[in-house]
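Student: Could you walk me through how to read a model like this one? I would like to go feature by feature.

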Amino acid sequence: MRIATSQLYSSSVATMENQQSQILQVEQAISSGVAITNPADNPLGAAQAVQLSATSATLSQYSTNQSTALTSLQLEDSTLSSVTGTLQSINSLMQEAMNGSLSDSDRQAIAKQMEGDRNQLMTLANTTDGAGNYLFSGFQSTSQVFTNKSGGGVDYNGDAGQRLVQVSGSRQIAVGDSGASVFMSVLSVGSSAVSAGDAQNTGTGTIGGVTVTDPTQPTNSDNLKITFSGTADSLTYTVTDTSASPNTNLTTDQPYTDGSPISLGSGMNVTISGTPASGDKFTVTPATAAANTSVFQSIDNVISALQSPTTGSAAANATLTNALTTGMTQLGNSLSNVITVQASVGGREQELQALQTMTSTNSLQVTTSLDNLTSTDMTAAISQYTQLSNALTASQKSFAATQNLSLFQYINP
Amino acid sequence: MSNIFSIGLSGLQAAQIGIATAGQNISNSSTAGYDVESAVFAESSGQYTSSGYIGSGVTTATVQRAYSQYLTTALNNAQSSSSAITASYTLATQLSNLVGSPTSGIASAITSFFSGLQDVSNSPDSAAVRQTALSDAQTLADQINTAGQQYDAMRQSVNTQLTNAVSQINTYSQQIAQLNTQIATASASGQPPNQLLDQRDQAVSNLSQLVGVQVVQNSSGYSVFLGNGQPLVVGTQNYSLATQPSSSNPSELTVAWQGLPGSTATAQPLGAAALQGGTVGGLVSFVQDTLDPAESQLGAIATSFAAQVNQQNALGQTLGGDPGGALFTVGGPVVTASLNNNPSSNATVSATLTNAVSPPTDNYTLSYSSDSGGTWTLTDTTTNKPVAKTSTPPSDSNPFPPPSDDIGLSITWAGTMNDGDSFAIQPTAGALDSFAVATSDPSAIAAASPVLVAAGTSNTGSATVTQGTVSSGYTVSSTQTTLSYTASTSGTGGTLTGFPANSTVQVTVPGSSTPATYTIAADGSTPVNYDPSTGATITITSSTAGDTNNVSFTMTGTPASGDTFVIGQNTSAAQDGRNALALANLTSSTSFAGSQTLTNAYSNYVNSIGNTASQLQASSTSQTSLVTQLTSQQQSVQGVNLDEEAANLLQYQQLYQANSKVIQTAASLFQTLIGIFQ
């Protein structure tokens with residue numbers, strides 16, 4: 001074929017330009033280490049990279065959330081451990097106060113000690129996290145969560161909210177528990193009914209703990225009252241269910257024997273010992289009744305009972321014993337509630353730790369995929385670079401040789 | 001004897017012309033559009049003698065240029081396609097660079113914004129965390145605005161290139177028409193004016209790189225036509241093109257056919273069919289096939305993002321306890337009246353998005369025809385398909401387009417239209433430039449939920465309730481609603497009472513889509529059944545202002561008789577981050593375009609731009625190699641080969657020397673003859 005001379009030049013130049021631009025591209029990929037600088041380099045890879053980098057960012061956010069949640073839960077866990085310790089210390093003080101040989105001043109001392117523990121409990125209930133937010137305030141943050149009420153007990157100024165943190169694509173975990181659920185409630189299952197003696201009793205009757213014989217009986221969750229009547233020789237008692245109006249008598253005018261169990265409906269019984277006076281009253285209320293759930297109220301009641309002098313009065317001694325029995329039942333219920341909350345916190349911590357491992361594995365996989373997609377494959381790129389630069393050298397040499405081939409070189413003037 | 005002299009002389013002349021032609025070829029060997037020329041020699045007519053016809057030397061018939069119309073036309077067409085692809089490719093590369101690295105840019109700004117909201121949900125009362133989220137929002141807005149500006153800049157660049165190309169097309173058309181005239185005059189002598197012919201072919205080649213043309217060769221020269229038959233040159237008359245703002249998008253220019261140069265008649269806009277090939281064809285197809293759809297796609301993502309975030313923020317409660325407002329603002333659909341509308345028309349057309357979470361990505365035109373009492377037609381200009389037609393103006397009860405042709409737009413108009421009027425509707429074109437953060441107050445992020453549902457603290461049952469959610473149009477009554485449970489004396493279920501008077505309560509059991517509905521009596525006593533074995537989602541709605549409306553919660557487990565559940569306002573809940581969490585979880589919401597997350601949508605956007613650029617790159621490479629092949633074929637016929645010219649030079653030099661020898665011989669013969677007489 002006939003070749004136009006200008007074509008020889010222009011096509012060689014075009015080839016070399018093309019090779020140079022390819023070399024530049026590969027050189028850029030090698031020096032920057034980035035394989036996809038814009039979507040045209042690899043449209044499908046670019047689309048995948050968008051997804052992967054979003055996934056990677058989301059996973060790293062989950063990982064941050066997990067740490068945040070774990071920190072909160074660990075703080076709550078250690079606070080609840082201290083709460084348990086304090087409650088146990090109060091419990092042993094109550095045991096100590098039960099000792100009948102103590103004098104009024106001994107009991108005053110115990111009351112003082114108990115007040116110290118109660119203040120510590122108050123401090124724990126008002127614990128704040130690093131950012132100054134109360135641990136047990138629900139969604140509220142401004143006011144102090146627990147404030148003392150005049151006449152004993154506390155006001156809860158938080159709400160029932162529970163903060164949730166997104167810790168994986170499909171799991172939101174609760175961090176923190178509301179103060180009401182920790183300090184102002186007891187478990188509905190497994191808590192003991194609370195027995196109490198009326199403060200106005202004039203006899204020496206003391207009530208013991210409630211024994212459940214048949215947990216299925218509906219009267220077990222009712223408010224029950226035991227009223228004594230008759231004379232000292234023939235004391236009788238009546239058990240009344242005061243939950244519904246009108247009240248119903250479960251048993252009427254049963255003869256009283258010191259120390260023998262008194263049936264409360266057909267599901268529970270309780271023992272009263274000593275000699276109650278006619279007109280003395282005792283009550284058995286469900287553990288979840290509003291009067292029994294606040295741990296602070298329970299402690300305050302016991303403290304105030306310990307501070308009343310009893311020396312020389314058998315009736316006052318009986319009233320104190322009854323108050324201690326009531327307080328210890330309530331404290332036991334509260335303690336098992338706190339321990340249950342703590343167990344659930346511990347469970348959430350464990351779940352978070354498992355999720356942390358999983359998230360970091362996923363995160364590693366996504367990062368690796370993203371790297372494979374967007375980073376230059378150096379081996380391939382360098383070998384391609386070598387290949388291209390060889391080709392360019394060949395083009396340059398052949399051009400130099402070709403342009404030398406001209407008939408004019410051989411025509412002598 | 002004189003015959004021999006004249007034969008020798010004619011040979012000398014022929015050799016000179018041959019050397020001149022070879023010299024011309026050598027000197028023009030690098031001239032663009034130059035066709036190799038060759039001297040055509042012919043034997044002069046003989047003289048009759050009784051000894052036969054004696055030749056009288058050589059004459060140079062003409063100087064002929066090598067020209068293949070077939071190859072030239074093929075090359076022009078290939079170059080036309082090539083420059084179209086090159087124009088598109090250059091712009092697509094710019095667009096692709098604009099998108100940049102897929103791991104940064106708008107997608108990562110969206111992800112950062114949602115991550116920032118996760119942090120807000122973890123520390124809802126921290127002003128610093130809220131400020132960070134708001135700064136992320138501003139970063140996103142900046143990125144989207146920048147993209148909008150870059151789109152505007154690209155459109156501007158296309159407009160400039162179109163204007164330049166059109167003015168060059170007009171220049172070449174005029175040149176071709178003038179050359180037609182000159183060639184006709186010059187050819188009158190009978191010899192072809194090779195230089196003018198070369199110039200005209202070069203002008204046609206340049207013209208076809210600007211726009212695809214058909215060339216018809218006839219007695220009056222070249223006639224040049226556009227793809228749809230509109231003439232640019234007919235004989236000695238040229239016609240002009242002009243640019244004018246597009247009727248569908250005033251910020252874009254379209255090419256129009258103006259007719260005779262200087263004509264004042266309205267120019268006819270040329271469609272994409274008329275403008276195929278060449279730089280102009282490439283620009284037009286890039287705008288139509290790549291730039292506009294890509295901008296709409298990104299605009300739809302921005303619109304949907306703003307709508308999703310604003311809707312969710314409205315379901316929350318700010319740090320100040322107020323209902324959440326809009327966090328982002330974004331412009332609505334843009335309606336533009338065509339420039340060609342009848343001046344007496346005073347109609348105004350407006351369009352709104354019916355579902356901003358999933359806005360349409362196509363553009364539309366509403367046109368009016370006075371046929372059969374007046375008909376309005378809505379056409380999708382992206383797909384060029386009619387969408388809906390009506391003969392009655394729309395009203396609230398009769399929206400346009402009707403629900404059966406729903407495109408996510410609702411269009412209304414008022415005033416008078418005239419036959420042929422049209423209005424361009426761009427649902428999301430303005431979104432990129434108008435996207436902005438609506439507030440600078442960090443507390444405006446509605447992190448808290450307005451409702452709190454809680455179980456009573458003295459409940460003895462095992463039932464738990466979720467904290468409650470609200471849906472659009474909610475109200476939470478300032479009076480707390482306390483529900484109490486009564487277990488059924490027979491069987492396992494029970495009833496809840498205490499719902500607000502006159503409200504409607506829907507109870508949905510998991511796995512069922514048909515809720516049981518209760519209308520609560522005016523004294524509020526109506527019991528609502530609850531089955532502890534399945535649990536249920538309970539939704540309260542009410543049409544009474546101020547009453548709890550659109551609030552739902554889920555109850556699971558078994559309540560005991562007398563257990564209470566309280567639904568109330570979530571006041572001063574600075575630590576509540578539920579709605580911020582819901583906002584953050586929009587990152588996995590698939591409400592865009594039916595089933596896509598915003599990240600998916602953005603990756604589709606990146607993918608389609610990348611595909612366009614890489615397809616055009618491939619086409620550009622193959623088209624370039626086609627052009628290279630055709631060029632070498634055409635040059636093999638029409639180009640100059642210097643070796644050939646060197647040989648020609650030698651040949652004509654020898655011809656000259658030989659003819660000189662003939663004359664010398666004749667002279668020597670003459671001398672010999674003269675010598676006889678001495």
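Student: What percentage of the residues of chain B count as buried?

Tutor: Gladly! This is a predicted model, and burial is judged by neighbours: 20 or more other C-beta atoms within 10 Å make a residue buried. In chain B, 43% of the 678 residues count as buried.

Student: What radius of gyration does chain B have, and what would a compact globule of 678 residues have?

Tutor: Set the two values side by side. A compact globule of 678 residues would come out near 26 Å, whereas chain B has 41 Å.

Student: How many helices and strands does chain B have?

Tutor: Chain B has 10 helices and 31 strands. For contacts, look at separation in sequence: among those between residues at least 6 apart, 70% join residues at least 24 apart.

Student: Which domains is chain A divided into?

Tutor: Domain 1 of chain A covers 72–192 + 287–374, and domain 2 covers 194–286. Their contact takes 16 residues from domain 1 and 19 residues from domain 2. On the domain 1 side, α7(A) provides the largest share, 10 residues. By class, that side has six nonpolar, 10 polar and no charged residues.

Student: How many residues does the contact take from chain A and from chain B?

Tutor: It takes 57 residues from chain A and 65 residues from chain B. On the chain A side, α2(A) gives the most, with 14 residues. The residues of this side divide into 28 nonpolar, 26 polar and three charged.

Student: Which residues does a cis peptide bond join in chain A, and which in chain B?

Tutor: Start from the general rule: most peptide bonds are trans. In chain A, a cis bond joins Ser245(A) and Pro246(A), with omega about 0°; Pro246(A) sits in the loop between β8 and β9 of chain A. In chain B, Phe400(B) and Pro401(B) are joined by a cis bond with omega about -10°, and Pro401(B) is in the loop between β17 and β18 of chain B.

Student: Where is Asn550(B) found, and what is its phi?

Tutor: Most residues other than glycine have a negative phi. Asn550(B), in strand β30 of chain B, has a positive phi near 55°. Asn550(B) counts as partly exposed because 18 other C-beta atoms lie within 10 Å. Ser572(B) also has a positive phi, about 40°, and lies in the loop between β31 and α8 of chain B.

Technical notes:
Residues numbered from 1 in each chain as written. Chains lettered and ligands numbered in written order. Predicted model: local features only at pLDDT ≥ 70, side-chain atom pairs only at ≥ 80, totals over all residues. Helix = DSSP H or I, 4+ residues; strand = E, 2+ residues; numbered from the N terminus. Rg over C-alpha atoms; globule rule 2.2 N^0.38 Å. Buried ≥ 20, exposed ≤ 12 C-beta atoms within 10 Å, placed from the backbone. Contact = placed C-beta atoms within 7 Å. Domains from an automatic or database assignment. Nonpolar A, V, L, I, M, F, W, Y, C, P; charged D, E, K, R; others polar.
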